[in-house]
Amino acid sequence: MSEIMYIFYILPYVAFAIFIVGVIYRIINWANSAVPLKVPTTAGQQPTFNFIRRTWVDKIDSPSNKFWAFIRMLFEVFLFRSLFRNTKYYVEKGGKNADTRWLWLFAMLFHYSLLIIVIRHLRFFTNPTPKFVSTIEYLDGLVGVAIVPPLLMTGVIALVALAFLWGRRIFLAKERSISLPSDHLILFFMAVILVSGLLMRYIVKVDLSYVKMFALSIITVHPPSPEVLANLHWLFLIHFTFVCITIAYLPFSKVMHFAGVWFSPTRNMPNDNRRKRHVNPWDPNPEVPILARVGIVVDGQVFKSKKLDWNTYYEMYKDQLDEIAENNYTIKPEL
Amino acid sequence: MSEVPEKLEIKQRFPLWKKWLKPITEKDYKPGFYSYMALPKQVNSDFFKMPFGDVVREPLEKDWKLPENWKDIILKEMKDTLEKNRAFKVFMDICVRCGACADKCHYYLGTGDPKNMPVMRAETVRSIYRYHFTPFGRIFGEWAGARPLTEDVIKEWYYYMYQCSLCRRCSLFCPYGIDTAEIVWWTRRLLSRIGINQRFMCISIEACSRTGNHLGLYAGGMAGAIQQGLEELKDITGFELHTYINKKGADALFVAPSADYFATPHWYVMLGYLLLFNELEERYGITITWSTYASEGGNFGTFHSYEAAQLLNSKIYKEAERLGVKFIIGGECGHMWRDKHQFINTMNTLPKNEEWRRFWDDPDLGQISGGLKGIRLDEYISGEHGWIHILELVAALIKHKKIDLDKSRNDHWKATYHDPCNVARGMGMLEEPRYVIKNVMNHFYEMPEHTIREKTYCCGAGGGMLADELMELRMRGVMPRMMALRYVVKKYGVNIMLTPCAIDKAQFPVAVEYWKIPVEIGGPMEMVGNALVLTALGEKPEDRKYDLRGTPIREEE
């Protein structure tokens, strides 16, 4: 029996290995793909003549150089800038748009609560617990201090936000329609993890000293004693297993958006097309257009278009062009 | 042209994932929503030769006459696309299906078709990607939202990739910047590799690759059209004006969308250009030339594929070099400026002529004429690009008080301004047109804030959707814009919507008639033309009696 329990000790290493390798693979895979064109979505006034006013919002949303494009990325990644624009269209009200920032609000709450929760969990993996971890935990519990143990807000907020985010996929027709099983799956994982975690803290009150010993043994790569393993609560094992499964699943899932968004050409490129020429890596020296240079090669067949350079053009329409030349390249109204 | 019913019903449907993973077939195609396919004379032409373009294909027929190994070609090209375009690859991977994009698409709002939600439009491609390029998709099939590539999938792609105008409104709201235009553009490119092309855009692409412009207008025809404009201006202003064409040694090359030579209300904008050029030449000695070889500013290739876009825009820098100009001025057009701002200098090598190089060493218009000193293009442009938008130029001329304007000549107009999608979201020119409009007219009113600037709604006809057979789709897609327009027409009595976009100018007159909104359509340069006092030619502000449409400016007393 006790040997089998060592699976739980092995599990996080496997999960992390898959996660790291997977994420690196995905990132390299994206990075290897070429960027043929500079295509930022310009969401504000372009860089232009100095007398045209550009607000700081314009500078972020229509970045004039790489620095501002980076700022734009930070706003996108940490503040969900684009989601903040969200509107809802009411056909029935004669086509009225209204700001709807619920999705933004709950997405922010969810992601940041998760972040704080992850940071708080560092107390299991460190001895002594670093100051900032206990400070965050203290702040988190400030509102719910009357409850023992102090009710940590992020746990509750994450659960409410999760309910909202899942609820819209279940109850709203449009969102239900676009949801794939995998969209529900990841929410299911999150729900199991959150609920089991909250249960352990507030309802079942699991003895956490063994959990901490177990966590430290993972971090220090010292296999835990059978006694520690035997005393791990079943609820903790569920919590822990799902965390590991989720971590291993991430590289294969849509959750990779956390890394992918950095590669999104519509966001990470500056709107400086007219200042700096972007070179297409697979068409770096386009003296002659591809269709007239090599054509399209499909299935061994070559489909090449004829080049219409000035000389060809001149030969084709010689009479008319000569007439224009005779008029000294000037057009005047007929008298 | 397909008939559009008097009353449009928006029927929303919400199928679950298993249901929508089943591709639609040609039997589900609805008239007014599907595009005709290109004919051999368009895609098997000497100047525009697409793979397997020698076959006539009919969308409603079961057999699409695809090449024998079409599936291998698509999968191979898809792999190639994933390597060639990071945007495509990243956007295949990171969508979380949050739905923020759904009600941002004018076609979804107007049709209620679930696959017109940007997220679903992309999912029709992603599902194939998952099945053929990811292990989870292969193993779990539809449970992972994956499906194999079949002929019906090709039909579904053709239907939905050609119900997108590449306006990028969804990409603005997407938390990861997923740009449906990238997915659609590159999927259309995939389709073109097995002989599937849309007719409307290919007519223009082929014409442009053969004659220099989308209309297929020959050199003489273009010169004649401009001449016609000069004659009209003689009637309106009393002055005998002129302009240059194919002129070597001019200071700047001017490139406009070819619709400006003929179509209405584009025509009035064209007259505006001509007035401005004459005043500038007379006053400052700056010469601006048109070109018959580079006679097209627009680029329908940007709706088709990278290669087609490059084929069309490759002529302009070449012509700038041949004519020996210093810089290029671009006319009023939407997708043209996506192309000119974001694509052209990547897709082509720059002009190598001496004049160009010397001008961009110190790009002050004072180099051309002392009177224009102080207008420095290097405040945002360099010789690595060399294009300025006509409205940017006019804004600078106004700011530096280089031209004289009489606002009151536009007092009979109450205007609103529609931001073309590509000018707003593919370039970011938001303030310049407003600056110009406010300086050339007294009555200007904005549409509601969620429908303008970077959040602007598409006209419903961009990206190749201007085809007549798509009329119902167009009238539905334009609905959000029409609602916003109706609001300002009712509230402020707006009687003209200005837009610097050739496709807008073609779509909106039809749309306002269908939606019964009593408003005219025009371009900002028309208003500039009205207000511009030809001081250098001896015109006084009160001299002008008619505007460019020939209607009296001041009511008879």
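**Helices, domains and chains**

Me: At roughly what angle do the axes of helix α14 (residues 306–323) and helix α15 (residues 335–347) of chain B cross?

Reply: Helices here are DSSP runs of H or I with at least four residues, numbered from the N terminus. Axes are lines fitted to C-alpha atoms over the stretch in contact, with angles from 0 to 180 degrees between N-to-C directions. These two axes come within 9 Å and cross at roughly 85 degrees.

Me: What kind of model is this, by the way?

Reply: Residues count from 1 along each chain as its sequence is written, while chains are lettered from A and ligands numbered from 1 in the order written. Local features need pLDDT of at least 70, side-chain atom pairs count only at pLDDT 80 or more, and totals for chains, interfaces and linings use all residues, since this is a predicted model.

Me: How are α14(B) and α15(B) oriented to each other?

Reply: Under 35 degrees counts as roughly parallel, over 145 as roughly antiparallel, 65 to 115 as roughly perpendicular, and the rest as oblique. The crossing is at roughly 85 degrees. So α14(B) and α15(B) are roughly perpendicular.

Me: How many residues of chain A are in contact with chain B?

Reply: Contact means C-beta atoms, placed from the backbone, lie within 7 Å. On the chain B side, 113 residues take part. Their partners in chain A number 96.

Me: How far apart are the centres of domain 1 and domain 2 of chain B?

Reply: Bounds come from an automatic or database domain assignment, giving domain 1 (17–203) and domain 2 (204–402), among others. Taken over C-alpha atoms, their centres are separated by 35 Å.

Note on methods: Two residues are in contact if their C-beta atoms, placed from the backbone, lie within 7 Å.
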